[in-house]
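Okay, thanks everyone, I'll keep this short.

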Amino acid sequence: MAGLNGDPFLGIDDNIEKLQYNNNSKEAIDKEGLVVGIGEDSSNNKNNNQGGEKDMAGNSIHRSGSRPQLDLSKAEIQGNSEERDPTILLPNQTDDISHLALDIGGSLIKLVYFSRHEDQSVDDKRKKTVKERLGISNGNRRNFPVLGGRLHFVKFETSKLNECLDFISSKQLHRGGIDSHHWNSEASANENAVIKATGGGAYKFADLFKERLGVSIDKEDEMDCLVAGANFLLKAIRHEAFTHMEGHKEFVQIDHNDLFPYLLVNIGSGVSIIKVDGDGKFQRVSGTNVGGGTYWGLGRLLTKCNSFDELLELSQRGDNRTIDMLVGDIYGGMDYSKIGLSASTIASSFGKAISDKKELQDYRPEDISLSLLRMISYNIGQISYLNALRFGLKRIFFGGFFIRGHAYTMDTISFAVHFWSKGEAQAMFLRHEGFLGAVGAFMSYQKHGLDDLMVHHLVERFPMGAPYTGGKIHGPPLGDLNEKISWMEKFVLKGTEITAPVPMAPPGTTGLGGFEVPSSRGATLRSDASALNVGVLHLVPTLEVFPLLADPKMYEPNTIDLSDHKELEYWFTVLSGHLPDLVDKAVASEGGTDDAKRRGDAFARAFSAHLARLMEEPAAYGKLGLANLLELREECLREFQFLDAYRSIKQRENEASLAVLPDLLLELDHMDEETRLLTLIEGVLAANIFDWGSRACVDLYHKGTIIEIYRMSRNKMQRPWRGLKMQYGF
Ligand SMILES: Nc1ncnc2c1ncn2[C@@H]1O[C@H](COP(=O)(O)OP(=O)(O)O)[C@@H](O)[C@H]1O
Ligand SMILES: CC(C)(COP(=O)(O)O)[C@@H](O)C(=O)NCCC(=O)O
């Protein structure tokens with residue numbers, strides 16, 4: 001019933017099936033692990049960036065294409081390959097392994113770093129033995145370890161560079177991470193490490209990195225990186241792009257064969273506008289100095305805000321009409337319909353301040369913030385459209401941290417694009433908005449094979465719970481989920497108690513294309529990552545996903561789409577109702593100790609909070625299908641260290657099955673070939689039907705083990721077609 005787990009060492013094609021022993025109808029379904037094989041021949045890896053057009057002024061950047069990075073050739077397990085968690089020797093590995101890339105911008109430092117999967121050690125011995133027994137081979141795949149792990153996304157303010165350096169140092173990221181001994185025990189001793197970095201800070205702070213961390217910065221061109229990052233994310237991450245109009249978010253599945261050309265608008269401190277024609281083929285066609293830095297800088301001066309988020313939060317309670325001059329203010333309350341302007345259209349941002357005999361302090365900071373935000377967002381949307389028009393482009397992707405997943409910002413940009421293009425062009429946003437450059441810099445490492453990754457090769461997971469340690473449940477408030485680092489990591493640094501459930505954000509929309517007052521008033525802004533909806537990307541070097549499908553990249557494994565609210569409500573009720581039972585099983589799987597009970601309790605609270613959040617905002621963690629929801633639950637269980645909630649049940653089942661196996665085999669041996677085959681098929685189907693989790697099956701299950709149920713029902717299962725089969729001789 002349960003498939004083999006992926007084997008990161010062997011890279012064998014392998015199905016991860018998870019049987020859900022659940023108490024609810026419809027609930028127990030198989031989930032296919034989304035899996036990847038990034039261990040293809042790394043020598044074939046192309047550096048997408050190398051062919052980049054260098055037609056931007058003055059950019060002559062050295063790209064260190066010849067420097068080897070994670071070279072996996074001739075890798076082998078050191079010592080006994082049967083031992084748990086064995087060390088892997090990478091004999092051809094140079095000392096400068098690096099799993100970290102940076103984008104050091106005018107406002108923020110973005111970090112993308114790689115950590116190896118922890119779960120690779122789980123029961124490797126058993127898997128190998130089973131694989132050997134079954135004679136499963138690697139086929140023509142390479143017979144050495146592939147890089148399985150996670151891509152993390154972290155950001156810091158550039159003004160707090162020291163925090164960033166401390167973070168890198170505490171995790172030894174510049175030396176391949178604290179788990180680097182798995183890969184190369186000498187790596188940590190390396191003093192000649194080089195890390196890839198892009199953005200202006202790669203130049204400005206290179207000496208500081210050398211001084212503080214002893215690492216050299218290998219500079220990558222910012223535009224190259226933005227484009228490489230955007231192309232990669234659009235190709236490799238399911239539902240990376242989405243539209244946002246009048247508060248409504250819709251994920252867009254990009255067809256890789258029809259991605260280019262597009263316009264990329266990166267709204268960082270300033271704005272770069274790039275026409276992208278292919279991998280490494282692009283041209284920076286425009287830009288504007290009125291960008292994110294303008295909103296934050298001017299906003300800070302005008303409102304005395306202490307943080308960008310505070311400024312954004314203020315805008316949510318603002319009314320721009322007190323400060324913006326509207327068409328109606330000029331036209332005596334009338335529309336100027338001849339040119340299509342309604343009375344409520346803003347004629348001149350901040351224009352009212354000319355005639356009002358008011359001073360700065362007479363205006364509400366909330367109104368100032370909203371007016372400023374609208375002015376800048378609208379302006380960028382309009383300039384972007386004009387550039388799209390120049391080149392006949394219909395699709396405009398917006399990135400950069402100015403957007404910050406903020407509904408009003410996105411609605412305003414979308415409105416401007418839609419309005420001026422008369423619906424011809426479309427504004428789309430990227431979930432990893434601010435990380436494009438950093439991802440691109442990460443991609444520029446040559447030999448990790450990431451540039452071969454395609455759709456389904458990365459599985460995105462969200463930190464779902466709080467870590468447990470020392471007999472107490474710790475963790476930051478759920479609202480701070482993954483602001484900088486995963487919950488588990490955060491705990492190590494901060495270790496605060498769980499104090500609150502996930503705070504509910506208002507339906508953060510503005511209505512009417514961003515011109516009116518936002519409907520979301522008095523609410524707090526979501527913490528960074530939960531607003532950004534950026535999870536950790538997992539690379540699982542095992543299978544191709546359903547390689548026989550005509551177009552595996554476009555395959556949607558979710559048959560139940562939870563963006564339908566009724567469907568979501570149904571599953572919310574099912575999962576909530578099932579929670580106590582699941583907790584009981586999870587606690588039992590860990591021996592029913594007090595410690596397990598506390599973790600079970602914390603898991604229930606955390607998962608309930610996530611469910612509540614998803615009810616409020618179904619797209620909070622990206623496009624939501626039932627398979628994703630069940631995976632979120634698994635992830636949450638794992639974070640509370642329940643590796644397999646159904647462990648004790650499986651144990652019981654295995655014991656029961658093994659006890660009757662000799663008899664069953666004997667019985668099968670005595671059958672003629674046809675009956676044997678039929679019986680075997682029936683047996684497999686019986687188990688599979690149980691897997692479907694119908695209420696009737698589940699009720700039956702409570703009365704005994706699967707094998708007993710099967711035995712009981714087998715005699716009653718003489719199907720009419722069986723007689724027919726004999727009658728007609730097939
Ligand atoms: N926590 C934050 N601190 C500062 N600015 C932020 C923050 N979150 C979002 N921003 C916005 O993001 C902009 C920076 O975006 P980013 O894409 O990181 O560009 P850069 O590479 O110039 O730093 C800032 O100018 C500001 O408008
Ligand atoms: C200089 C920059 C590329 C730096 O990138 P950033 O740190 O803002 O992300 C960007 O700020 C920009 O494109 N500014 C606009 C300059 C102009 O075209 O007017």
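By class, the shell around ligand 1 comes out as six nonpolar, ten polar and two charged residues. The classes here are Ala, Val, Leu, Ile, Met, Phe, Trp, Tyr, Cys and Pro as nonpolar, Asp, Glu, Lys and Arg as charged, and the others, Gly among them, as polar.

Quick housekeeping: this is a predicted model, so to speak of local features we need pLDDT of at least 70, side-chain atom pairs count only at pLDDT 80 or more, and totals for chains, interfaces and linings use all residues. Residues are numbered from 1 along each chain as its sequence is written, while chains are lettered from A and ligands numbered from 1 in the order in which they are written.

So, who's in that shell? There are 18 residues around ligand 1, and the closest are Gly 105, Gly 268, Ser 269, Gly 292 and Phe 401; being near means a C-beta atom, placed from the backbone, within 6 Å. Helix 6, residues 292-303, gives the most, with four residues. Helices are DSSP runs of H or I, at least four residues, strands are runs of E, at least two, and both are numbered from the N terminus.

Now the backbone. Most residues other than glycine have a negative phi, and most peptide bonds are trans. Phe 260 to Pro 261 is cis, omega near -5 degrees, and Pro 261 sits in the loop between strand 9 and strand 10.

Lys 304 has a positive phi, near 65 degrees, in the loop between helix 6 and helix 7. Phe 350 also has phi near 65 degrees, and its loop runs between strand 14 and helix 9.
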